[in-house]
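Here's a quick briefing to read alongside the model. It covers a sheet first, then a pair of helices.

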Amino acid sequence: MTQPDHFAAPAFEPTLQAAHARLAAVNPAAYSRTRNHLDGAVTRLSPYLTHGFLTLPEVLHGVLQRHPLDVQHKFVFELGWREYFHHVWQQEGDAIFASLHEGPLPDAAYASELPADIRRGATGVPAIDLAVRELYATGWLHNHARLWLASYVVHLRKVRWRAGADWMYGHLLDGDLASNHLSWQWVAGTGSRKPYLFNADNVTRYATAAWHSAGSAIDRSYEELDRIARSALAVPGGCGGGIDEPAWVDTAPPAFTAPDAGQVAGRAVQLVHPWSLGSVVPAGRLRVGVLCAEFHRTWPWSGARWHFVATRMRELCDLLWVAESGALRQSLAAAASVDGRADPHLPRQLHELGLQQPVRLFESPRQRCASFTQFWRRVTSGVAAAGELLQRAN
Ligand SMILES: Cc1cc2nc3c(=O)[nH]c(=O)nc-3n(C[C@H](O)[C@H](O)[C@H](O)COP(=O)(O)OP(=O)(O)OC[C@H]3O[C@@H](n4cnc5c(N)ncnc54)[C@H](O)[C@@H]3O)c2cc1C
């Protein structure tokens, strides 16, 4: 199988320079024209946003310096999706990890394990097998490829969305529990009104020739796909071969050690964690990088993601600690002060240190918005130019 041409995209370097270079390259006009195409002008900013190299207001500010935009511009709108998913997570808590409502079939109609031919990129559907290869090779996928992969897994192969979501999360460099798990629910129809379906014609329209999948399991009409999505019968999988799935790692890299209260006693501490990797720390603070062991046991990452995160943490921090969040909190209690940004991926124990709220582009509505449309109307009400959002942002 040939590699798709856009594999040539450079890897994601875990540096602020790389993040700012991507930001400087954003072209909103080309973005809105071509973002649905696999080789379109998307930004590839997601690993930097997920890990806090850049915040959404910084991204918008950087873009607006060169391109004045209306608030309804496609680029601003897409940034809104990230915040919408975080709004839902904030409102629903751990409920986002189960079906928000029933999809086309009850949960029990779907398998709980992802079949080996999907994990090995050996389904026989080029668009799916190339997406799996790209995910493993780069830790990133175009939005359309994510949609196709998720739709195939859930609606054609009848695998529970949660199994697919956990698998994809573990391999993405930008894996974000809200964006990922809620997008899978949106595709599955458990977080939206109808299942997301796609076919070979759709792939032909948006992807280059290597991805085209005529004659495969996805070469069907939308009526037929809808019938399949609503019946318990799965389409057959592939027949062997494929590539090895990269291993997940649920333990911290070697540089991280157990916490020691004596190292921080009486000091002003700046807390650094995997979701706050952009911070330039005021002089005089002791920079302590922390990993919460229980989070990583529950949500293991690929070696590539560990490399991305740990390289930056090593560069930023004076001390690197790993432990259960309770033990981290106890040791940090010896510090004179602890400063840092909260993030919803951090266990609650660390939020109790009095961390600042996450930086947001929109103030999250107090009441749960039932749909993105409702959220978007609410947060952009009375706003014309995108720059006004920055004045409102915290
Ligand atoms: C099944 C599935 C799983 C996904 N998992 C994740 C995930 O774990 N982490 C993640 O950040 N995004 C996820 N997304 C959303 C989206 O695919 C990625 O944010 C986007 O492809 C990242 O590439 P980019 O930075 O070039 O995006 P661009 O199109 O350039 O957009 C710029 C930024 O806007 C935000 N954004 C754009 N579209 C979306 C969207 N639909 N939903 C949420 N945010 C969006 C992202 O922060 C992105 O970096 C998922 C989508 C699907 C369908």
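**Sheet and helix pair**

C292 stands opposite A323 in strand 5. This is a predicted model, so local features need pLDDT of at least 70, side-chain atom pairs count only at pLDDT 80 or more, and totals for chains, interfaces and linings use all residues. Numbering starts from 1 along each chain as its sequence is written. Helices (H or I, at least four residues) and strands (E, at least two) are DSSP runs, numbered from the N terminus.

**The sheet**

- Strand 3 (residues 286-292) pairs with strand 5 in the parallel sense over five bridges; pairing takes at least two DSSP bridges between two strands.
- Four strands make up an open, parallel sheet, ordered 5-3-2-6.
- Strand 5 (319-323) and strand 6 (337-339) are at the edges with a single partner strand each, so one side of each has no neighbour in the sheet.
- On average, neighbouring strands here are turned by 30° against each other, direction ignored.
- Helix 15 (residues 303-316) lies across strand 2 (268-272), strand 3 and strand 5, at about 155° to strand 3.
- For those angles, axes are lines fitted to C-alpha atoms (for helices, over the stretch in contact), and angles run from 0 to 180 degrees between N-to-C directions.

**The helix pair**

- The axes of helix 4 (residues 56-64) and helix 5 (residues 74-92) come within 11 Å and cross at roughly 175°.
- Helix 4 and helix 5 are therefore roughly antiparallel (angles over 145 degrees).
- From helix 4, L56, V59, L60 and V63 meet F75, V76, L79, R82 and E83 of helix 5; contact means C-beta atoms, placed from the backbone, within 7 Å.
- The residues of this contact divide into seven nonpolar (Ala, Val, Leu, Ile, Met, Phe, Trp, Tyr, Cys and Pro), no polar (the others, Gly among them) and two charged (Asp, Glu, Lys and Arg).

Definitions and conventions
Two residues are in contact if their C-beta atoms, placed from the backbone, lie within 7 Å. Angles under 35 degrees count as roughly parallel, over 145 as roughly antiparallel, 65 to 115 as roughly perpendicular and the rest as oblique.
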